[in-house]
Amino acid sequence: MASSLTCAGVVWAFLSFLCAAASCVGFFMPYWLLGSQLEKSVSFGTFRRCSYPIRDESRQMTVMVEQCGRYASFQAIPSAEWRICTVVTGLGCGLLLLVALTALMGCCVSELISRTVGRVAGGIQFLGGLLIGSGCALYPLGWDSEEVRQTCGNLSNQFELGTCHIGWAYYCTGGGAVAAMLVCTWLACFSGKKQKQYPY
């Protein structure tokens with residue numbers, strides 16, 4: 001099977017896939033911020049949450065529904081910062097995934113990844129990682145929303161967690177982005193084989 005990748009390029013392709021997968025899984029999972037409300041575990045992502053309070057009219061009290069789901073609409077996301085974070089991080093994950101799939105195709109298709117294409121792909125990965133990193137940096141700005149304050153003991157504020165703590169999905173998303181920016185971008189420079197010159 002012909003490949004357009006060098007040995008470093010094969011490592012780059014698989015590492016790119018792992019970084020993209022880590023960032024995408026972390027982005028989709030609603031475990032960025034963990035806390036509790038009415039003695040039930042509550043978690044938030046940028047556009048999803050697990051466990052939410054509803055008013056039970058038959059018992060005249062507020063109860064927690066223990067299930068995960070997306071917010072009903074984009075505007076229902078608790079803060080403007082989280083809405084921006086959702087768009088920016090999603091775009092970054094899309095770029096990382098696009099480069100990763102192209103790199104994996106380069107393992108099987110000859111002359112797909114040249115040195116120039118590899119460097120451009122590395123630049124796209126750097127941009128994707130930068131977007132995801134920006135999203136992760138924006139996320140704490142939304143901790144002052146009412147929903148988060150109810151979950152974090154009414155003590156949370158921007159960059160202040162209150163009684164909550166950061167979940168594994170936040171680290172997974174950010175870690176994938178950092179690895180893509182630092183390691184994959186560097187490996188991409190050595191990924192493509194030198195193109196053959198054809199005399200015409």
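**View 1. Helix H2 meets helix H3 in a predicted model.** In this predicted model, H2 residues Glu 81, Ile 84, Cys 85, Val 88, Thr 89, Leu 91, Gly 92, Cys 93, Leu 95, Leu 96 and Val 99 meet H3 residues Ala 121, Ile 124, Gln 125, Leu 127, Gly 128, Gly 129, Leu 131, Ile 132, Ser 134, Gly 135, Cys 136 and Leu 138. Contact means heavy atoms within 4.5 Å. By class, the contact of H2 with H3 has 15 nonpolar, seven polar and one charged residues. Here Ala, Val, Leu, Ile, Met, Phe, Trp, Tyr, Cys and Pro count as nonpolar, Asp, Glu, Lys and Arg as charged, and the others, Gly among them, as polar. The two helices, H2 and H3, pack at an angle of about 155°, with axes 8 Å apart. H2 is therefore roughly antiparallel to H3. Angles run from 0 to 180 degrees between N-to-C directions, and axes are lines fitted to C-alpha atoms, for helices over the stretch in contact. Angles under 35 degrees count as roughly parallel, over 145 as roughly antiparallel, 65 to 115 as roughly perpendicular and the rest as oblique. H2 passes H3 in a left-handed crossing. A crossing is left-handed if the near helix is turned anticlockwise from the far one by less than a right angle, and right-handed if clockwise.

**View 2. Ser 114 sits in the loop between H2 and H3.** This loop joins H2 (80–106) to H3 (115–138). Helices (H or I, at least four residues) and strands (E, at least two) are DSSP runs, numbered from the N terminus. Ser 114 is buried, at 9% relative accessible area. Buried means under 20%, exposed over 50%, partly exposed in between (1.4 Å probe, protein chains only). The Ser 114 side chain reaches the backbone nitrogen of Val 117 at 3.2 Å.

**View 3. Thr 46 lies in the loop between strands S2 and S3.** S2 spans 40–44 and S3 spans 48–56. Thr 46 is buried, with a relative accessible area of 0%. Leaving aside neighbours within four places in sequence, Thr 46 is in contact with Phe 27, Trp 32, Ile 77, Trp 82, Cys 85, Thr 86 and Tyr 139. Its side chain makes a polar contact with the side chain of Thr 86, at 3.2 Å. A polar contact is a pair of N or O atoms within 3.5 Å; within protein, one must be able to donate a hydrogen and the other to accept it, and residues adjacent in sequence count only if both atoms are side-chain atoms.

**View 4. Helix H1 packs against helix H5.** H1 (residues 7–28) and H5 (residues 168–188) have axes 7 Å apart and an angle of about 160°. That makes H1 roughly antiparallel to H5. H1 passes H5 in a left-handed crossing. The residues of this H1 contact with H5 divide into 16 nonpolar, five polar and no charged.

**View 5. Glu 39 and Ser 51 each have a positive phi.** Most residues other than glycine have a negative phi. Glu 39 is at about 65°, in the loop between strand S1 (33–37) and S2. Glu 39 is exposed, at 80% relative accessibility. Ser 51 is at about 70° and belongs to strand S3. Ser 51 is buried, at 6%.

**Notes.** Residues are numbered from 1 along each chain as its sequence is written, and side-chain values use heavy atoms, with hydrogens and water left out. Local features need pLDDT of at least 70, side-chain atom pairs count only at pLDDT 80 or more, and totals for chains, interfaces and linings use all residues.
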